[in-house]
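Here's a quick briefing to read with the structure open beside you. Take it a topic at a time and follow along on the model.

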Amino acid sequence: NVITIPGYKIERILGSGNMATVYLARHELLNRQVALKCMDETLSQTPGFIERFLSEGRIIASLQHPNILTTYDLGISTETNTPFLAMEYIKNGDLAERIKQGLTADQALEIIQQIAIGLDYAHVNGIIHRDIKPGNILFREDGTPLISDFGIAKQADMDQGLTSTGLVMGTPFYMSPEQAQDHPLDGRADIYSLGILLYEMLTGEVPYRSTSVIGTVLKHVQSPVPRLEGNNKPLQPLLDRLLAKEPSDRYSRGQSVADSIDKLHQGMPISNQPGDSIAFPKINITFFQRYKMFDFGIFTLILLLVLYLTYPENDQILEQNIKPEADIQKPVATKEDSTTTDSEPLNEHFFTLTESSPQSNKTTKISELLNKAEICILQKQLTQPVDNNAFYFYQQVLSLDANNPDALAGLKKISQLQ
(Lines give C-alpha, C1' and ligand atoms only; values in the text may rest on other atoms or scores of the structure.)
Protein backbone atom coordinates (compact mmCIF):
# COMPACT_ATOMS: atom_id res chain seq x y z
CA ASN A 1 0.00 0.00 0.00
CA VAL A 2 2.79 2.42 -0.90
CA ILE A 3 1.42 5.90 -1.47
CA THR A 4 1.73 7.60 -4.86
CA ILE A 5 2.94 11.22 -5.15
CA PRO A 6 3.25 12.43 -8.77
CA GLY A 7 6.82 13.45 -9.60
CA TYR A 8 8.36 11.32 -6.84
CA LYS A 9 9.46 7.68 -6.79
CA ILE A 10 9.01 6.12 -3.36
CA GLU A 11 12.02 3.99 -2.35
CA ARG A 12 11.31 2.96 1.24
CA ILE A 13 9.79 4.04 4.55
CA LEU A 14 12.09 6.03 6.84
CA GLY A 15 9.67 6.33 9.76
CA SER A 16 6.03 6.77 10.69
CA GLY A 17 3.82 8.30 13.37
CA ASN A 18 0.16 8.81 14.18
CA MET A 19 -0.33 11.63 11.71
CA ALA A 20 2.32 11.13 9.03
CA THR A 21 4.71 8.72 7.36
CA VAL A 22 8.16 9.72 6.09
CA TYR A 23 9.49 8.03 2.94
CA LEU A 24 12.84 8.07 1.23
CA ALA A 25 11.92 9.19 -2.26
CA ARG A 26 13.57 10.48 -5.39
CA HIS A 27 12.48 13.56 -7.27
CA GLU A 28 12.18 12.12 -10.78
CA LEU A 29 12.93 15.32 -12.70
CA LEU A 30 15.90 16.48 -10.58
CA ASN A 31 17.09 12.95 -9.73
CA ARG A 32 17.50 14.05 -6.11
CA GLN A 33 16.79 12.03 -2.99
CA VAL A 34 14.37 13.66 -0.54
CA ALA A 35 12.63 12.84 2.71
CA LEU A 36 8.95 12.87 1.76
CA LYS A 37 6.58 13.40 4.68
CA CYS A 38 3.03 12.39 3.77
CA MET A 39 0.18 13.35 6.05
CA ASP A 40 -2.65 11.01 6.90
CA GLU A 41 -5.27 11.26 4.16
CA THR A 42 -8.06 11.82 6.70
CA LEU A 43 -6.62 15.27 7.53
CA SER A 44 -7.68 16.43 4.10
CA GLN A 45 -11.28 16.02 5.21
CA THR A 46 -10.85 18.64 7.97
CA PRO A 47 -12.59 21.84 6.78
CA GLY A 48 -10.04 24.41 5.64
CA PHE A 49 -7.04 22.12 6.24
CA ILE A 50 -5.78 22.07 2.64
CA GLU A 51 -5.74 25.88 2.33
CA ARG A 52 -4.01 26.36 5.67
CA PHE A 53 -1.57 23.54 4.98
CA LEU A 54 -0.41 25.28 1.81
CA SER A 55 -0.34 28.74 3.41
CA GLU A 56 1.61 27.66 6.48
CA GLY A 57 3.83 25.36 4.44
CA ARG A 58 5.06 28.35 2.46
CA ILE A 59 6.05 30.03 5.73
CA ILE A 60 8.01 26.95 6.83
CA ALA A 61 9.65 26.64 3.41
CA SER A 62 10.75 30.28 3.64
CA LEU A 63 13.05 29.45 6.58
CA GLN A 64 16.38 29.42 4.76
CA HIS A 65 19.17 29.02 7.32
CA PRO A 66 22.34 26.89 7.57
CA ASN A 67 21.04 25.27 10.77
CA ILE A 68 17.48 24.54 9.61
CA LEU A 69 16.53 21.57 7.44
CA THR A 70 15.58 22.74 3.95
CA THR A 71 12.05 22.22 2.65
CA TYR A 72 12.06 21.76 -1.13
CA ASP A 73 8.43 21.26 -2.01
CA LEU A 74 4.92 20.91 -0.64
CA GLY A 75 1.60 20.09 -2.17
CA ILE A 76 -1.43 17.84 -2.33
CA SER A 77 -1.40 14.61 -4.29
CA THR A 78 -4.05 14.87 -7.02
CA GLU A 79 -4.48 11.10 -7.01
CA THR A 80 -4.99 10.46 -3.29
CA ASN A 81 -5.58 14.00 -1.94
CA THR A 82 -2.61 13.46 0.40
CA PRO A 83 -0.79 16.54 1.75
CA PHE A 84 3.01 16.14 1.56
CA LEU A 85 6.28 17.94 2.29
CA ALA A 86 9.53 17.17 0.43
CA MET A 87 12.57 17.92 2.61
CA GLU A 88 16.32 17.62 2.51
CA TYR A 89 17.37 14.02 3.10
CA ILE A 90 20.03 13.70 5.80
CA LYS A 91 21.71 10.32 6.30
CA ASN A 92 24.34 11.13 8.93
CA GLY A 93 22.30 10.38 12.01
CA ASP A 94 20.77 12.50 14.73
CA LEU A 95 21.75 13.90 18.10
CA ALA A 96 20.30 10.92 19.98
CA GLU A 97 22.93 8.67 18.37
CA ARG A 98 25.76 11.07 19.26
CA ILE A 99 24.61 11.32 22.86
CA LYS A 100 24.82 7.53 23.13
CA GLN A 101 28.36 7.64 21.74
CA GLY A 102 29.34 10.35 24.21
CA LEU A 103 30.11 14.06 23.69
CA THR A 104 32.69 16.36 25.24
CA ALA A 105 31.60 19.64 26.83
CA ASP A 106 33.15 21.57 23.93
CA GLN A 107 31.23 19.47 21.41
CA ALA A 108 27.99 19.96 23.34
CA LEU A 109 28.47 23.74 23.49
CA GLU A 110 29.22 23.92 19.76
CA ILE A 111 26.03 22.03 18.93
CA ILE A 112 23.92 24.13 21.34
CA GLN A 113 25.36 27.35 19.94
CA GLN A 114 24.46 26.49 16.36
CA ILE A 115 20.99 25.24 17.24
CA ALA A 116 20.39 28.44 19.25
CA ILE A 117 21.33 30.57 16.24
CA GLY A 118 18.94 28.59 14.03
CA LEU A 119 16.14 28.95 16.58
CA ASP A 120 16.77 32.68 16.85
CA TYR A 121 16.28 33.02 13.09
CA ALA A 122 13.02 31.05 13.27
CA HIS A 123 11.72 33.01 16.27
CA VAL A 124 12.45 36.37 14.65
CA ASN A 125 10.38 35.12 11.70
CA GLY A 126 7.49 34.25 14.01
CA ILE A 127 7.90 30.47 14.12
CA ILE A 128 8.28 28.38 17.28
CA HIS A 129 9.27 24.72 17.06
CA ARG A 130 7.71 23.31 20.27
CA ASP A 131 9.37 19.89 20.00
CA ILE A 132 13.14 20.36 20.23
CA LYS A 133 14.62 16.96 21.10
CA PRO A 134 17.63 14.83 20.05
CA GLY A 135 15.67 13.03 17.32
CA ASN A 136 14.89 16.36 15.65
CA ILE A 137 18.53 17.48 15.47
CA LEU A 138 20.21 16.02 12.38
CA PHE A 139 23.76 16.40 11.04
CA ARG A 140 25.15 17.09 7.61
CA GLU A 141 28.30 15.32 6.45
CA ASP A 142 30.46 18.24 7.64
CA GLY A 143 28.98 17.96 11.16
CA THR A 144 26.66 20.97 10.92
CA PRO A 145 23.62 20.42 13.18
CA LEU A 146 20.21 20.98 11.60
CA ILE A 147 16.85 21.61 13.25
CA SER A 148 14.28 19.38 11.59
CA ASP A 149 10.53 18.88 11.80
CA PHE A 150 9.54 22.53 11.72
CA GLY A 151 6.76 21.57 9.35
CA ILE A 152 3.00 21.49 9.33
CA ALA A 153 3.06 17.80 10.17
CA LYS A 154 4.56 18.35 13.58
CA GLN A 155 2.16 21.18 14.34
CA ALA A 156 -0.66 18.82 13.44
CA ASP A 157 0.79 16.10 15.67
CA MET A 158 1.17 18.51 18.54
CA ASP A 159 -2.32 19.97 18.40
CA GLN A 160 -4.44 17.03 17.31
CA GLY A 161 -2.35 14.18 18.67
CA LEU A 162 -3.62 13.99 22.24
CA THR A 163 -1.83 11.61 24.56
CA SER A 164 -3.67 9.08 26.71
CA THR A 165 -3.73 11.69 29.48
CA GLY A 166 -5.77 14.09 27.38
CA LEU A 167 -2.91 16.60 27.48
CA VAL A 168 -1.64 18.28 24.33
CA MET A 169 2.08 17.65 24.42
CA GLY A 170 5.40 17.66 22.68
CA THR A 171 7.87 15.14 24.05
CA PRO A 172 7.47 15.14 27.87
CA PHE A 173 11.21 14.87 28.63
CA TYR A 174 11.94 18.13 26.76
CA MET A 175 8.86 20.31 27.20
CA SER A 176 8.88 23.63 29.04
CA PRO A 177 6.86 24.21 32.23
CA GLU A 178 4.49 26.55 30.39
CA GLN A 179 3.94 23.98 27.66
CA ALA A 180 3.32 21.30 30.27
CA GLN A 181 0.63 23.52 31.80
CA ASP A 182 -0.88 24.38 28.41
CA HIS A 183 -0.04 28.08 28.79
CA PRO A 184 0.60 30.42 25.84
CA LEU A 185 4.02 29.83 24.26
CA ASP A 186 6.70 31.93 22.63
CA GLY A 187 10.27 31.23 21.57
CA ARG A 188 11.42 30.87 25.17
CA ALA A 189 9.74 27.45 25.29
CA ASP A 190 12.29 26.30 22.69
CA ILE A 191 15.08 27.89 24.76
CA TYR A 192 14.05 25.71 27.71
CA SER A 193 14.16 22.57 25.56
CA LEU A 194 17.63 23.64 24.47
CA GLY A 195 18.65 23.55 28.13
CA ILE A 196 17.38 19.98 28.45
CA LEU A 197 19.49 19.04 25.41
CA LEU A 198 22.57 20.65 26.97
CA TYR A 199 22.16 18.74 30.23
CA GLU A 200 21.60 15.47 28.40
CA MET A 201 24.66 15.97 26.20
CA LEU A 202 26.81 16.69 29.26
CA THR A 203 25.52 13.87 31.48
CA GLY A 204 23.93 11.31 29.17
CA GLU A 205 20.60 11.59 31.00
CA VAL A 206 17.58 13.88 30.86
CA PRO A 207 17.21 15.92 34.07
CA TYR A 208 13.55 15.14 34.75
CA ARG A 209 12.28 11.58 34.56
CA SER A 210 9.46 9.69 36.26
CA THR A 211 7.63 6.40 35.92
CA SER A 212 4.65 8.16 34.32
CA VAL A 213 4.07 10.96 31.83
CA ILE A 214 2.30 13.05 34.47
CA GLY A 215 5.15 12.55 36.92
CA THR A 216 7.66 13.75 34.33
CA VAL A 217 5.52 16.78 33.50
CA LEU A 218 5.24 17.68 37.20
CA LYS A 219 9.01 17.61 37.59
CA HIS A 220 9.41 20.19 34.82
CA VAL A 221 7.04 22.46 36.73
CA GLN A 222 8.22 21.85 40.30
CA SER A 223 11.72 20.38 40.48
CA PRO A 224 14.74 22.71 40.75
CA VAL A 225 17.32 23.14 38.00
CA PRO A 226 19.75 20.21 38.30
CA ARG A 227 23.33 20.79 39.45
CA LEU A 228 26.29 20.05 37.20
CA GLU A 229 29.28 18.30 38.67
CA GLY A 230 33.02 18.01 38.06
CA ASN A 231 34.41 19.74 34.98
CA ASN A 232 30.90 20.81 33.94
CA LYS A 233 30.37 23.10 36.96
CA PRO A 234 31.44 26.28 35.09
CA LEU A 235 28.44 25.75 32.78
CA GLN A 236 25.93 26.00 35.65
CA PRO A 237 25.05 29.70 35.08
CA LEU A 238 24.29 28.91 31.43
CA LEU A 239 22.11 25.96 32.41
CA ASP A 240 20.32 28.03 35.09
CA ARG A 241 19.25 30.61 32.52
CA LEU A 242 18.18 28.01 29.96
CA LEU A 243 16.10 25.98 32.43
CA ALA A 244 14.56 28.79 34.47
CA LYS A 245 10.98 27.88 35.38
CA GLU A 246 9.67 31.34 34.52
CA PRO A 247 10.07 32.33 30.85
CA SER A 248 10.95 35.87 31.94
CA ASP A 249 14.03 34.49 33.75
CA ARG A 250 15.35 32.65 30.67
CA TYR A 251 17.34 33.88 27.72
CA SER A 252 14.76 35.53 25.52
CA ARG A 253 16.74 35.01 22.32
CA GLY A 254 18.75 32.20 20.86
CA GLN A 255 21.39 34.73 19.82
CA SER A 256 21.90 35.61 23.49
CA VAL A 257 22.56 31.94 24.22
CA ALA A 258 25.18 31.89 21.46
CA ASP A 259 26.78 35.07 22.83
CA SER A 260 27.04 33.55 26.32
CA ILE A 261 28.76 30.48 24.89
CA ASP A 262 31.26 32.78 23.16
CA LYS A 263 31.98 34.37 26.55
CA LEU A 264 32.57 30.95 28.09
CA HIS A 265 35.06 30.09 25.36
CA GLN A 266 36.87 33.37 26.10
CA GLY A 267 37.01 32.59 29.80
CA MET A 268 34.58 35.39 30.67
CA PRO A 269 31.93 34.93 33.38
CA ILE A 270 28.26 34.87 32.41
CA SER A 271 25.29 35.79 34.55
CA ASN A 272 22.51 33.41 35.50
CA GLN A 273 20.16 36.41 35.75
CA PRO A 274 18.04 37.77 32.88
CA GLY A 275 19.61 40.70 31.13
CA ASP A 276 18.76 40.45 27.46
CA SER A 277 15.45 41.55 26.02
CA ILE A 278 13.45 41.19 22.86
CA ALA A 279 10.20 42.54 21.47
CA PHE A 280 8.69 39.17 20.67
CA PRO A 281 7.39 38.92 17.11
CA LYS A 282 3.85 37.88 16.48
CA ILE A 283 4.02 34.08 16.49
CA ASN A 284 2.18 32.40 13.66
CA ILE A 285 -0.85 30.66 15.15
CA THR A 286 -1.73 27.64 13.07
CA PHE A 287 -5.15 26.39 12.19
CA PHE A 288 -4.74 23.63 14.75
CA GLN A 289 -3.84 26.09 17.52
CA ARG A 290 -6.82 28.30 16.65
CA TYR A 291 -9.09 25.24 16.62
CA LYS A 292 -7.85 24.23 20.07
CA MET A 293 -8.41 27.71 21.54
CA PHE A 294 -11.87 27.86 19.99
CA ASP A 295 -12.72 24.51 21.58
CA PHE A 296 -11.55 25.70 24.99
CA GLY A 297 -13.57 28.92 24.71
CA ILE A 298 -16.75 27.04 23.82
CA PHE A 299 -16.13 24.60 26.68
CA THR A 300 -15.73 27.47 29.16
CA LEU A 301 -18.96 29.15 28.04
CA ILE A 302 -20.90 25.89 28.31
CA LEU A 303 -19.43 25.20 31.76
CA LEU A 304 -20.40 28.65 33.05
CA LEU A 305 -23.91 28.29 31.64
CA VAL A 306 -24.37 24.86 33.25
CA LEU A 307 -23.14 26.16 36.61
CA TYR A 308 -25.54 29.09 36.40
CA LEU A 309 -28.56 27.01 35.43
CA THR A 310 -27.92 24.31 38.02
CA TYR A 311 -27.38 26.69 40.95
CA PRO A 312 -30.80 26.85 42.69
CA GLU A 313 -30.43 30.24 44.36
CA ASN A 314 -29.40 32.31 41.35
CA ASP A 315 -32.77 34.02 41.01
CA GLN A 316 -32.88 34.90 44.71
CA ILE A 317 -29.38 36.36 44.60
CA LEU A 318 -30.27 38.56 41.66
CA GLU A 319 -33.49 39.73 43.33
CA GLN A 320 -31.69 40.59 46.55
CA ASN A 321 -28.74 42.38 45.01
CA ILE A 322 -29.95 44.19 41.91
CA LYS A 323 -30.68 47.79 42.81
CA PRO A 324 -32.90 50.17 40.88
CA GLU A 325 -30.98 52.63 38.77
CA ALA A 326 -32.26 55.53 40.85
CA ASP A 327 -30.62 54.17 44.00
CA ILE A 328 -27.19 53.82 42.45
CA GLN A 329 -24.61 56.22 43.83
CA LYS A 330 -21.81 57.45 41.66
CA PRO A 331 -18.39 56.14 42.64
CA VAL A 332 -16.17 58.65 44.38
CA ALA A 333 -13.06 59.36 42.34
CA THR A 334 -9.80 58.56 44.07
CA LYS A 335 -6.25 59.50 43.31
CA GLU A 336 -5.89 56.30 41.31
CA ASP A 337 -8.92 57.29 39.20
CA SER A 338 -7.55 60.73 38.41
CA THR A 339 -7.19 59.85 34.73
CA THR A 340 -10.98 59.42 34.38
CA THR A 341 -12.71 62.35 32.70
CA ASP A 342 -16.31 63.42 32.24
CA SER A 343 -16.13 62.03 28.75
CA GLU A 344 -15.49 58.59 30.23
CA PRO A 345 -18.55 57.81 32.44
CA LEU A 346 -18.14 55.07 35.01
CA ASN A 347 -20.83 52.80 33.51
CA GLU A 348 -23.60 54.36 35.63
CA HIS A 349 -26.31 52.83 33.52
CA PHE A 350 -25.53 49.23 34.57
CA PHE A 351 -27.27 47.48 37.44
CA THR A 352 -25.00 46.94 40.44
CA LEU A 353 -24.58 43.47 41.92
CA THR A 354 -23.18 42.75 45.37
CA GLU A 355 -19.56 43.88 45.38
CA SER A 356 -17.02 41.12 44.99
CA SER A 357 -13.30 41.63 44.54
CA PRO A 358 -11.32 39.92 41.76
CA GLN A 359 -9.54 38.01 44.50
CA SER A 360 -12.78 36.59 45.90
CA ASN A 361 -13.91 35.59 42.41
CA LYS A 362 -10.58 33.87 41.87
CA THR A 363 -10.87 32.05 45.20
CA THR A 364 -14.37 30.87 44.33
CA LYS A 365 -13.24 29.64 40.93
CA ILE A 366 -10.34 27.74 42.47
CA SER A 367 -12.66 26.14 45.02
CA GLU A 368 -15.02 25.01 42.27
CA LEU A 369 -12.18 23.52 40.23
CA LEU A 370 -10.77 21.69 43.23
CA ASN A 371 -14.20 20.21 43.99
CA LYS A 372 -14.55 19.03 40.40
CA ALA A 373 -11.10 17.45 40.58
CA GLU A 374 -11.99 15.56 43.76
CA ILE A 375 -15.19 14.28 42.18
CA CYS A 376 -13.23 13.06 39.15
CA ILE A 377 -10.80 11.22 41.44
CA LEU A 378 -13.69 9.49 43.20
CA GLN A 379 -15.08 8.52 39.79
CA LYS A 380 -11.60 7.34 38.71
CA GLN A 381 -11.52 9.95 35.95
CA LEU A 382 -7.83 10.69 36.55
CA THR A 383 -6.76 11.74 33.08
CA GLN A 384 -9.74 11.00 30.87
CA PRO A 385 -12.03 12.06 29.26
CA VAL A 386 -10.47 15.19 27.77
CA ASP A 387 -11.43 18.40 29.62
CA ASN A 388 -13.32 16.44 32.27
CA ASN A 389 -10.72 14.76 34.44
CA ALA A 390 -8.89 15.44 37.68
CA PHE A 391 -5.60 16.27 35.96
CA TYR A 392 -7.30 18.85 33.75
CA PHE A 393 -9.04 20.63 36.65
CA TYR A 394 -5.86 20.73 38.74
CA GLN A 395 -4.11 22.28 35.72
CA GLN A 396 -6.77 24.98 35.60
CA VAL A 397 -6.21 25.73 39.29
CA LEU A 398 -2.46 26.09 38.73
CA SER A 399 -3.11 28.50 35.87
CA LEU A 400 -4.85 30.74 38.42
CA ASP A 401 -2.51 30.03 41.35
CA ALA A 402 0.79 28.46 40.26
CA ASN A 403 1.69 27.38 43.82
CA ASN A 404 -1.71 26.18 45.00
CA PRO A 405 -0.89 23.40 47.53
CA ASP A 406 -4.15 21.49 47.01
CA ALA A 407 -3.64 21.29 43.25
CA LEU A 408 0.01 20.28 43.58
CA ALA A 409 -0.92 17.61 46.13
CA GLY A 410 -3.71 16.41 43.85
CA LEU A 411 -1.36 16.03 40.89
CA LYS A 412 1.04 14.00 43.00
CA LYS A 413 -1.87 11.83 44.07
CA ILE A 414 -2.83 11.22 40.44
CA SER A 415 0.77 10.28 39.64
CA GLN A 416 0.74 7.75 42.47
CA LEU A 417 -2.62 6.26 41.48
CA GLN A 418 -1.62 5.66 37.86
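What follows covers a sheet, a helix pair and one leucine.

Keep in mind that this is a predicted model. There's an open sheet of five strands, a helix, H13, that is largely enclosed by the rest of the structure, and a leucine, Leu198, that counts as buried.

**The sheet**

- Reading across the open sheet, the five strands come in the order S1-S2-S3-S5-S4, and the pairing is antiparallel.
- The edges belong to S1 (8-16) and S4 (71-76); each has a single partner strand, so one side of each goes without a neighbour in the sheet.
- From one strand to the next, the twist averages 25 degrees.
- For S4, the pairing with S5 (residues 83-88) is antiparallel and runs over five bridges.
- Helix H1 (residues 49-61) lies across S3 (32-39), S4 and S5, and its direction is at about 175 degrees to S4.

- Why call H13 (residues 390-400) largely enclosed? Because nine of its eleven residues are buried, that is, under 20% relative accessible area.
- The buried set in H13 is Ala390, Phe391, Tyr392, Phe393, Tyr394, Gln395, Gln396, Val397 and Leu398.
- At the start of H13, Asn389 puts a side-chain oxygen within 3.1 Å of the backbone nitrogen of Phe391.
- Two packed helices are described by the angle between their axes and the distance between the axes.
- For H13 and H14 (residues 405-417), the angle is about 155 degrees and the axes are 9 Å apart.
- That angle makes H13 roughly antiparallel to H14, since anything over 145 degrees counts as such.
- The crossing of H13 past H14 is left-handed.
- On the H13 side, the contact is made by Ala390, Phe391, Tyr394, Val397 and Leu398.
- On the H14 side, Asp406, Ala407, Leu408, Gly410, Leu411 and Ile414 make the contact.

**Leu198**

- You'll find Leu198 in helix H6 (residues 188-203).
- Is Leu198 buried or exposed? With 0% relative accessibility, Leu198 counts as buried.
- Setting aside neighbours within four places in sequence, Leu198 is in contact with Ala108, Leu109, Ile112, Leu238, Leu239 and Leu242.
- One of those contacts, Leu238, is 40 residues from Leu198 along the chain, and their C-alpha atoms are separated by 9.5 Å.

Conventions. Residues numbered from 1 in each chain as written. Predicted model: local features only at pLDDT ≥ 70, side-chain atom pairs only at ≥ 80, totals over all residues. Heavy atoms only, no water. Pairing = 2+ DSSP bridges. Helix = DSSP H or I, 4+ residues; strand = E, 2+ residues; numbered from the N terminus. Axes fitted to C-alpha atoms, helices over the stretch in contact; angles between N-to-C directions. Contact = heavy atoms within 4.5 Å. Buried < 20%, exposed > 50% of the residue type's maximum accessible area, 1.4 Å probe, protein only. Polar contact = N/O pair within 3.5 Å; in protein donor to acceptor, adjacent residues only side chain to side chain. Parallel < 35°, antiparallel > 145°, perpendicular 65-115°, else oblique. Left-handed = near helix turned anticlockwise from the far one by under 90°.
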